[in-house]
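Me: I've got this one open and I'm a bit lost. Could you pick a single part, take a close look at it, and then show me how it links up with the rest?

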Amino acid sequence: MSTEARRILITGGRAPVALELARLFKAAGHRVYVAESAEYHLCRVSSAVEASFRVPAPRHQPQAYVQRLAALTEELGIHCLIPTCEEIFYVSAGLEHLTGCRVLTSDRRILAGLHHKGEFMVLLRSLGFKVPDTVLISSTEEWRRAVKQAAQRGEQRVYKPAYSRFASKVILPDKSSASTNPHSRVPGEIETPAGLSAEAPWVSQEYIQGRAVCTYSILHGGTVVAHAAYDCRYRTGRSGASVYFEPLEHPAALEWVQRFAAATGFSGQIGFDFIEPENGMLYPIECNPRATSGIHLFTPEEGLTEALLNPGLLVQSGTVIVPRSARTAMLTLPMLGCGFKPGPGGLRSWRRALLGAADVVYRKDDRRPAREQFRIVYAAWKTARRHRISITEALTEDIEWNGEA
């Protein structure tokens with residue numbers, strides 16, 4: 001494995017996964033720099049980061065964003081640029097300008113097909129994977145027809161934007177109806193989402209009862225070189241973002257990702273969300289072609305950074321890096337909020353999970369990012385008020401990608 005110190009530029013420094021990556025690279029002896037459009041972000045004050053640079057917002061100034069990244073890679077002598085969040089779509093669109101270093105992204109056309117919740121299902125079906133029935137909805141007329149048809153057939157369906165993150169705006173079947181009257185929804189009960197159009201479509205997807213299983217993997221030329229599967233039972237709300245990450249020994253999930261990798265030849269970081277019913281079948285429901293929270297399950301000793309910097313060596317040796325420490329991680333602040341609605345396990349299970357997991361932001365030797373969270377939330381609150389959106393939406397308003405050209 002490589003021992004040469006590299007200069008790494010990470011984008012999306014607001015995300016806990018970016019902070020985790022910065023710490024892993026620092027521990028491996030590399031020099032870490034961060035480019036981020038937010039004024040306040042976790043990596044800005046981390047001792048793992050040599051320097052942080054504020055750059056134009058990729059969503060609002062995509063060309064200026066890529067130009068600034070290109071300048072930074074040249075000025076800093078960067079060896080590897082690693083996007084972590086949805087800014088990856090803007091980085092991938094500007095690959096022709098980022099020629100001085102290795103950039104960990106695929107072509108945007110490939111990323112777009114994985115990010116789109118309808119097209120991802122079409123791709124999997126064409127490759128022979130078992131997937132939940134999924135219908136693309138692009139107009140009010142199609143929405144009304146889909147809702148009416150589901151009611152007439154007595155189907156439970158999940159409705160969600162084709163482009164979304166943190167499971168925002170997801171409409172699940174009535175919780176009460178799942179056990180008593182599963183077909184209680186009738187046409188007209190589910191209002192047409194605001195803004196629904198061919199440019200901002202939704203999908204209607206078969207609802208499958210089961211536990212949620214998530215994965216994080218690094219693929220190289222169709223081979224899995226790093227992989228983690230995890231339980232994410234605690235979320236923000238009933239269907240929101242995961243805030244608790246417990247490692248799973250799940251051979252079927254690894255086999256599924258290996259099959260996907262071989263079928264597509266994909267390279268890069270990628271995460272999948274599955275539903276696993278009692279029969280053990282894995283039903284993929286979403287794909288995130290970027291870093292996901294499974295990164296938090298890795299420790300420096302496991303060498304995840306080698307999977308990012310030297311994946312070819314791992315392919316040659318047939319090595320798949322997996323978490324070995326049984327480390328359970330969480331985002332403490334939202335995890336505390338889960339205590340108000342602890343779910344099927346009740347307060348006792350929630351308390352056990354809370355006490356048994358490590359916060360992904362706080363470190364004794366790197367405390368400032370924990371305090372930075374309060375500045376981030378306050379800034380997001382101001383953005384939310386200005387744009388009349390939720391705080392969750394405000395956290396990604398300037399980096400998200402919703403199919404724009």
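Reply: Let's begin at arginine 368, which sits in helix H13, residues 368-387 (helices, H or I, are DSSP runs of at least four residues, strands, E, of at least two, numbered from the N terminus). Keep in mind that this is a predicted model, where local features need pLDDT of at least 70 and side-chain atom pairs pLDDT 80 or more, while totals for chains, interfaces and linings use all residues. Residues count from 1 along each chain as its sequence is written, and side-chain values use heavy atoms, with hydrogens and water left out.

Arginine 368 has a relative accessible area of 48%, so we call it partly exposed (buried is under 20%, exposed over 50%, with a 1.4 Å probe and protein chains only). Together with Lys364, Arg367 and Arg371, Arg368 makes up a positive surface patch (members have over 30% relative accessible area and no salt bridge, with like charges joined within 9 Å and nonpolar side chains within 5 Å; a salt bridge puts a Lys or Arg side-chain nitrogen within 4 Å of an Asp or Glu carboxyl oxygen).

There's a nonpolar patch too: Tyr378, Trp381, Ile391 and Leu395 share about 370 Å² of accessible area. Leucine 395 lies in the segment after helix H14 (391-394), and at 33% relative accessible area leucine 395 is partly exposed.

Now for the sheet. Seven strands form an open sheet with mixed pairing, in the order E13-E12-E9-E10-E11-E14-E15 (a pair needs at least two DSSP bridges). E13 and strand E15 (358-359) are at the edges with a single partner strand each, so one side of each has no neighbour in the sheet.

Let's zoom in on E12, residues 268-276: nine of its nine residues are buried, so the rest of the structure largely encloses this strand. E12 runs antiparallel to strand E9 (residues 211-220), with nine bridges joining them, and aspartate 273 in E12 faces cysteine 214. E12 is also antiparallel to strand E13 (residues 283-288), this time through five bridges. There, aspartate 273 has glutamate 286 as its bridge partner in E13. The E12 and E13 hairpin has six residues between the strands, and glycine 280 takes a positive phi near 85° in it.

Elsewhere in the sheet, three bridges hold strand E10 (residues 223-231) and strand E11 (residues 244-248) in an antiparallel pair. Tyrosine 230 stands opposite proline 247 of E11.

Terms used
Areas by Shrake-Rupley, 256 points an atom, 1.4 Å probe, with all protein chains shown as cover. Lys, Arg positive; Asp, Glu negative; His and termini not counted. Charge placed at Lys NZ, Arg CZ, Asp CG, Glu CD.
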